[in-house]
Amino acid sequence: MIEKIIAVFNGKVFYPSEPIALPTNTRVQISIEILPPIEHQTVSFLQTARSLSLEGSPDWSTNIDKYLYAK
């Protein structure tokens, strides 16, 4: 049986990107094809927060305890 998997090498071991359905201690033969890096855009927390368009009181950050723990 031949199954292709994608994995990341951290310098010591390979980490598969998805679970592999193999019993423990199964012998395998690994051939390595180096893939180009995945280009993904890094998004900052501030960009994410702004994109949510949340509405709230302007004093929320200074009175966080009041809003979180007030009864």
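1. Is Pro36 buried or exposed? Pro36 is exposed, because its relative accessible area is 65%; the class "exposed" requires over 50%, "buried" means under 20%, and "partly exposed" lies in between (1.4 Å probe, protein chains only). The residue sits in the loop between E2 and H1. Helices (H or I, at least four residues) and strands (E, at least two) are DSSP runs, numbered from the N terminus. Pro36 and Glu55 are 19 residues apart in sequence, with 41 Å between their C-alpha atoms.

2. Basis of the note. The model is predicted, and local features need pLDDT of at least 70, side-chain atom pairs count only at pLDDT 80 or more, while totals for chains, interfaces and linings use all residues. Residues are numbered from 1 along each chain as its sequence is written, and side-chain values use heavy atoms, with hydrogens and water left out.

3. The largest pocket. This pocket holds about 1200 Å³ of space. Of its 27 lining residues, Ile5, Ile6, Ala7, Ile30 and Ser31 are the closest to the centre. On a 1 Å grid over the protein atoms alone, a pocket is an open set of points where a 1.4 Å probe fits, with protein on both sides within 12 Å along at least five of seven lines; a cavity is a set from which the probe cannot get out, and lining residues have an atom within 4 Å of a point. Grid points are joined across faces, edges and corners, and the volume is the space filled by probe spheres set on the points.

4. Composition of the lining. Strands E1 (7–9) and E2 (14–16) each supply at least two residues of the lining, and E1 gives the most, with 3 residues. By class, the lining residues divide into 19 nonpolar, 4 polar and 4 charged. Here Ala, Val, Leu, Ile, Met, Phe, Trp, Tyr, Cys and Pro count as nonpolar, Asp, Glu, Lys and Arg as charged, and the others, Gly among them, as polar.

5. A nonpolar surface patch. Met1, Ile5, Phe9, Phe14, Ile20, Leu22, Val28, Ile30, Ile32 and Ile34 make a patch of about 1100 Å². Patches are made of residues with over 30% relative accessible area and no salt bridge, nonpolar side chains (Val, Leu, Ile, Met, Phe, Trp, Tyr) being joined within 5 Å and like charges within 9 Å. A salt bridge is a side-chain nitrogen of Lys or Arg within 4 Å of a carboxyl oxygen of Asp or Glu. Accessible areas come from the Shrake-Rupley method with a 1.4 Å probe; for residues, only the protein chains shown count as cover.

6. The loop between E2 and H1. Ile34 lies in the loop between E2 and helix H1 (45–51), and it counts as exposed because its relative accessibility is 78%. Asn25 also has its place in the loop between E2 and H1. Asn25 is exposed at 76% relative accessibility. Its phi is near 70°, a positive value in a residue other than glycine.

7. Separations along the chain. Tyr15, in strand E2, is partly exposed at 48% relative accessibility. Ala49, in helix H1, is partly exposed at 30%, and its C-alpha lies 37 Å from that of Lys12.
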